[in-house]
Amino acid sequence: MKIFLDTANVEKIREMAGWGVVDGVTTNPTLIAMEGRKFEEVVQEICAIVDGPISAEVISTDAEGMIAEAREISKIHKNIVIKVPIIPEGLKAIKVLKAEGIRTNATLVFSCNQALLACKAGASYISPFVGRIDDQGGDGMEVVSEIVQMIENYDFESEVIVASVRHPVHVVESAMIGAHIATVPAGVLEKMVKHTLTDVGLKRFLEDWEKVPK
Ligand code: G3P
């Protein structure tokens, strides 16, 4: 399973890219706003750090506007993937952008039917928001499981990016389901590598090594 970082924080991306496990990055308008910096500047820097798909989102809500924005944003770097909300205008935009060779990531996906339509329109990636489904009392991972099954049934080319990941268990469940990608906040990636027994074990190994005659 590929792991993307779900952040626009360049320092975190640089640090974690060094771990050798980051295959791509996803951003959204909220994450960009948190950085207090210009959109193009941030996206450009991210592209220079991670050599993989970098999702940047359009803010227009009509197909024409989305397409125009997508054409501009994709000029920033060859690895840019355009995040498009899964609304009817978004479907139109995805179809046109696909024909132009611009990759898209259908975002704000909360159901298998939305994912099916995004696959049919030609989205390269589908992003179900598991945490937000859970927040509403639903089962986010169940929706992911349906989408993965649907893609397998019909051999669609789209890949599933499990998004709105809130904790490490979401990542384990994504891997068990066979989702292609999980996009994780930096804090979740930190928790994934951490285990108390690893820390205790390492401490003991180092202490015991001191007892070895030198
Ligand atoms: O990138 C979109 C998604 O991951 C947002 O997550 O935590 O705001 O629901 P969250």
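What percentage of the 214 residues in the chain is made up of buried residues? In this predicted model, in which residues are numbered from 1 along each chain as its sequence is written, local features need pLDDT of at least 70 and side-chain atom pairs count only at pLDDT 80 or more, while totals for chains, interfaces and linings use all residues. Side-chain values use heavy atoms, with hydrogens and water left out. Buried residues account for 47% of the chain, where buried means under 20% relative accessible area, exposed over 50% and partly exposed in between (1.4 Å probe, protein chains only).

The secondary structure comprises 11 helices and 8 strands, taken as DSSP runs numbered from the N terminus (helices, H or I, at least four residues; strands, E, at least two). The C-alpha atoms occupy a box of roughly 75 × 40 × 30 Å along the principal axes. Of the contacts (heavy atoms within 4.5 Å) between residues at least 6 apart in sequence, 58% join residues at least 24 apart.

Helix H6 (residues 112-121) has Cys112, Ala115, Ala118, Cys119 and Ala121 as its buried residues. Their cover includes helix H5 (88-99), strand E5 (104-109), strand E6 (125-128) and helix H8 (140-154). Glycine 122, with a positive phi near 105 degrees, follows H6.

Helix H9 (residues 168-177) contains glutamate 173 and serine 174. Serine 174 is buried, with a relative accessible area of 0%; beyond its neighbours within four places in sequence, serine 174 is in contact with Met1, Met141, Val162, Ala179 and Ala182. Glutamate 173, by contrast, is partly exposed at 33%. Together with Asp139, Glu142 and Glu146, Glu173 forms a negative surface patch. Patches consist of residues with over 30% relative accessible area and no salt bridge, like charges being joined within 9 Å and nonpolar side chains (Val, Leu, Ile, Met, Phe, Trp, Tyr) within 5 Å.

The whole structure holds 14 salt bridges, each defined as a side-chain nitrogen of Lys or Arg within 4 Å of a carboxyl oxygen of Asp or Glu. Lysine 12 and glutamate 15 form one of them (3.9 Å, N to O); because these residues are 3 apart in helix H1 (residues 10-17), about one helical turn separates them. Lys12 and Glu15 also belong, with Glu190, to a network of salt bridges. In helix H5, glutamate 89 and lysine 92 are likewise 3 residues apart, and their closest N and O atoms lie 2.6 Å from each other in a salt bridge. Another salt bridge joins lysine 194 and aspartate 199 (2.6 Å, N to O); lysine 194 is exposed at 53% relative accessibility, whereas aspartate 199 is partly exposed at 38%.

Terms used:
Accessible areas come from the Shrake-Rupley method with a 1.4 Å probe; for residues, only the protein chains shown count as cover. Lys and Arg count as positive and Asp and Glu as negative; His and the chain ends are not counted. The place of a charge is taken as NZ of Lys, CZ of Arg, CG of Asp or CD of Glu.
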